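Subject: Structure handover and notes

Hello,

Here is the structure we discussed, with the notes on it further down. Please look it over before you read on.

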Amino acid sequence: MPYLDPELILDRFATFTREEVRPAVTDDEFVHAQVGSMASTLQFLAGEVGGREAAVRAQRRTLADRLDELEAVLDRNEIDAPDVRAALEEGRSEIDATDGSTRDVEEALLSAADNVLAAIDNELDAERAAIARRPLYEFLRTRVDRQLRMLGREGDE
């Protein structure tokens with residue numbers, strides 16, 4: 001069965017409602033207005049769904065990149081952290097294996113990031129933990145910026 005993008009389906013329903021159904025309602029002004037309102041709501045929802053999926057895709061890319069950067073930081077600074085490295089690998093596996101709804105992917109990303117941060121806090125002293133956490137801040141920044149964009153605001157750059 002082919003995958004249908006929810007935002008595309010909502011957009012098509014909105015277009016159909018606005019261009020086909022609304023003009024056909026000529027005898028009742030109230031129903032005409034309600035159909036127009038429904039088309040606007042569908043258009044809004046299409047944008048919201050598309051925005052959320054784009055935000056989660058960006059977060060997924062950023063977290064994968066930041067996990068790679070964290071591994072490089074551990075290597076460059078000669079930080080021996082087997083638990084952190086294990087959490088990194090588990091995080092990568094979780095990110096790669098997660099497929100499904102946008103919400104499922106987002107929850108997997110947050111879980112992976114939380115597990116890596118917890119491993120850093122549990123295994124490393126304060127100075128080395130601060131160095132190791134730095135790459136993951138970009139994931140958190142991306143997450144906040146994308147959420148602000150979805151709300152119609154711009155993040156701090």
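Which residues lie nearest the centre of the largest pocket? They are Glu53, Arg57, Gly100, Thr102 and Val105, out of 11 residues that line this pocket. The rest of the notes start with the basis of the model and then come back to the pocket.

Basis of the model

This is a predicted model, in which local features need pLDDT of at least 70 and side-chain atom pairs count only at pLDDT 80 or more, while totals for chains, interfaces and linings use all residues. Residues are numbered from 1 along each chain as its sequence is written, and side-chain values use heavy atoms, with hydrogens and water left out. The average pLDDT (the predictor's confidence in each residue, from 0 to 100) is 88 for the chain, and 95% of the residues score at least 70. Confidence is highest in helix 3 (residues 82–97), with a mean of 94, and lowest in helix 1, with 89. Helices here are DSSP runs (H or I, at least four residues), numbered from the N terminus.

The largest pocket

The space in the largest pocket comes to about 230 Å³. Helix 2 and helix 4 are the elements that give two or more residues to its lining, and helix 2 gives the most, with four. A pocket is an open set of points on a 1 Å grid over the protein atoms alone, where a 1.4 Å probe fits, with protein on both sides within 12 Å along at least five of seven lines; lining residues have an atom within 4 Å of a point. Grid points are joined across faces, edges and corners, and the volume is the space filled by probe spheres set on the points.

Thr102, one of the residues named above, lies in helix 4 (residues 102–123). Thr102 counts as buried because its relative accessibility is 17%; buried means under 20% relative accessible area, exposed over 50%, and partly exposed in between (1.4 Å probe, protein chains only). Not counting residues up to four places away in sequence, Thr102 touches Arg52, Glu53 and Val56, where contact means heavy atoms within 4.5 Å.

Helix 1

Glu53 is also among the contacts of Glu7, together with Ala46, Val49 and Gly50, leaving aside neighbours within four places in sequence. Glu7 is found in helix 1 and is partly exposed, at a relative accessible area of 21%.

Helix 5

In helix 5 there is a kink of about 40°, centred on Pro135. Pro135 is also one of the buried residues of this helix, which include Leu136 and Phe139. Helix 2 and helix 4 are part of what covers them.

An exposed loop residue

Glu78 is in the loop between helix 2 and helix 3. It has a positive phi of about 50° although it is not a glycine. Most residues other than glycine have a negative phi. Glu78 is exposed, with a relative accessible area of 73%.

Regards

Terms used: Bend = angle between axes of the 7 residues up to and from the residue.
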